[in-house]
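Subject: Structure handover and notes

Hello,

Please find the structure below. My notes on it follow, element by element.

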Amino acid sequence: MATFTRMVKGQVRHYSAPLDMAIPASKQKYIPSSGSYPKGFSVSGTHVGVKASNTKFPDLALISSETPCTAAAVFTTNKFQAAPVQVSRNILQTRQGQGIRSVVINSGCANAVTGKGGLEDATNMGAKVDECHGLSGEEPSTLVMSTGVIGQRLPISKILSKIPTAHSTLSSTHDSWLSTARAICTTDTFPKLLSTTFTLPSSPGRAYSLAGMTKGAGMIHPNMATLLGVLCTDAPITADALSALLKHAVSRSFNAISVDGDTSTNDTIAILANGAAGGAPVTNSQNSDDYSAMQTVLTQFTQSLSQLVVRDGEGATKFVTVRVQNSPDYDSAKLIASTIARSPLVKTALYGRDANWGRILCAVGYTQNVKDGVVVPDRTSVSFRPVDGSPELKLLVNGEPEQVDEARAAVILQEEDLEIVVDLGGGALGPQGAGGEEAVYWFCDFSHEYVTINGDYRT
């Protein structure tokens, strides 16, 4: 009874951040010990105490470039768009994606549904950063993001008083990048930070860097989710190319993940490119080898970064990949994958380690807005694919149920990682194996812990 009471009060959490904000041992493997960060960028994570309960952890992030950047962003589609979303979108539109110097982010309060006062607060945050850069009186050049509780005003005086501290402690060290990634966390159990190096065909001997941080653990589902993300690169990319590249990458990464099927008011993924590493600018041209290469690099990078959000899903015990293949069109495949990913019955079965493939099949069957001929029952197959490379466990083949090896299913479902494969058999394209489009989605299971976390979120 005492244990139950503590759980109800939110004091016992096995898969969420400990009350002292220590990173759980099982999540330590996702924390990079070093990084390859883009030239010309510096960052800082500063403690403000946006939430009164936060007495020591960084909750103000600042990312700045020594020189103006081209920039692009993808925002939430929620109709109740938070003040920082509105302010940042307006800045990007006014500047046409050029001349951006910084991104400032606070955690602990979303500054969402806060009226005209919230818009003023978001504007003042960016203006204070510009002032620190000596850019007062010019067009705003700082994007603003916020995350946390909806419907509350920011303690704006506290935040504005700490922005000069954040500016004075800007650094390009790995520890600074990690501290900055931690500053944007809310219910996250670990800071999510990645970096990589790459080359472009036009400059094979020139090394470019790409770094990114994101936050999110709950209220995660396109388009988009309670997540924020900032990407920085020292590659030279034109504004229109950067916008197209980001939209393509996000559609296959941050808009292809789900934790709980909810979409928030603040979601923003932004990218800044300062060109500090030199070389010819990447342009939005269908015949550009550099553009194709950059698209591959950015898409793969954002997929890896967004998958960390799923791995940190509130209360999650499993990381699940759902692959819908042999579809006549990509959009239908993605709709089906998304429906499976947000099905509470699928998610709870996986938490209970139950090979209940009927729930997966039902989700396929009730997916809305799928074109006629995409889902044909006697061409549809479902299987579990183990991550260890062993043969997949067939559950349904061409509409006929298999005799499931329950012992092997139990072994597969014991693992943290699992892949579900739904083969549509080509749909309108023809018989099984005719080929077609494939969509991949990443999601997690649904546990008791998720209810515990969200039952006392505001406290």
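I begin with a serine. Ser381 belongs to strand E11, which covers residues 381-385. Its relative accessibility is 11%, so Ser381 counts as buried. The side chain of Ser381 makes a polar contact with the backbone nitrogen of Asn398, at 3.0 Å.

Please keep in mind that this is a predicted model.

Overall content

The protein has 12 helices and 15 strands. Of its 459 residues, 56% count as buried. Among contacts with a sequence separation of 6 or more, 80% are between residues 24 or more positions apart.

The nonpolar core

The largest nonpolar core holds 126 residues, and the members that touch the most others are Ile340, Phe384 and Ile420. Domain 1 (30-312) and domain 2 (319-456) each give at least three residues to this core. Leaving aside residues up to four places away in sequence, Phe384 is in contact with Ala355, Ile360, Glu392, Leu393, Leu395, Ile412, Leu413, Leu418, Glu419 and Ile420.

Helix H8 runs over residues 330-341, and its 12 residues should span 16 Å at 1.5 Å a residue; the end C-alpha atoms are 16 Å apart, so the two values agree. At the start of H8, the backbone nitrogen of Asp331 has a side-chain oxygen of Asp329 within 3.4 Å. H8 is mostly covered, with 9 of its 12 residues buried. The buried positions are Ser332, Ala333, Lys334, Ile336, Ala337, Ser338, Thr339, Ile340 and Ala341.

Helix H6 (residues 239-251) has 13 residues. The distance from its first C-alpha to its last is 19 Å, close to the 18 Å expected at 1.5 Å a residue. Buried in H6 are Ala239, Ala241, Leu242, Leu245, Leu246, Ala249, Val250 and Ser251. In an α-helix there are 3.6 residues a turn, so residues three or four places apart point the same way. What do the buried residues of H6 pack against? Their partners are strand E2 (60-75), strand E7 (228-233), strand E9 (268-273), helix H7 (289-311) and H8.

Arg311 and the cysteines

Arg311 is part of helix H7. Its relative accessible area is 17%, and because the cut-off for buried is under 20%, Arg311 counts as buried. Not counting residues up to four places away in sequence, Arg311 touches Lys27, Tyr30, Phe319, Glu416 and Asp417. Arg311 and Cys444 are 133 residues apart in sequence, yet their C-alpha atoms are 7.2 Å apart.

Cys444 has a relative accessibility of 0% and so counts as buried. Cys362, at 49%, counts as partly exposed, because the exposed class requires over 50%. How many disulfides does a search of the whole structure find? The search finds 0.

Two asparagines with positive phi

Asn111 is not a glycine but has a positive phi of about 50°. Asn111 sits in the loop between strand E3 (100-109) and helix H3 (115-132). Is Asn111 buried or exposed? With a relative accessible area of 0%, Asn111 is buried.

Asn369 also has a positive phi, of about 65°, and is not a glycine. The loop that holds Asn369 lies between helix H10 (357-366) and E11. Asn369 has a relative accessible area of 71% and is therefore exposed.

Ser157

Ser157 is in helix H4, residues 156-168. Its relative accessibility is 59%, so Ser157 counts as exposed. Asp121 is 36 residues away from Ser157 along the chain, and the C-alpha atoms of the two are separated by 9.3 Å.

Regards

Notes: Residues are numbered from 1 along each chain as its sequence is written. This is a predicted model: local features need pLDDT of at least 70, side-chain atom pairs count only at pLDDT 80 or more; totals for chains, interfaces and linings use all residues. Side-chain values use heavy atoms; hydrogens and water are left out. Helices (H or I, at least four residues) and strands (E, at least two) are DSSP runs, numbered from the N terminus. The expected span of a helix is 1.5 Å times one less than its number of residues. Buried means under 20% relative accessible area, exposed over 50%, partly exposed in between (1.4 Å probe, protein chains only). A polar contact is a pair of N or O atoms within 3.5 Å; within protein, one must be able to donate a hydrogen and the other to accept it, and residues adjacent in sequence count only if both atoms are side-chain atoms. A disulfide is a pair of cysteine sulfur atoms within 2.5 Å. A nonpolar core is a set of buried Ala, Val, Leu, Ile, Met, Phe, Trp, Tyr and Cys residues joined through side-chain atoms within 4.5 Å. Domain bounds come from an automatic or database domain assignment. Contact means heavy atoms within 4.5 Å.
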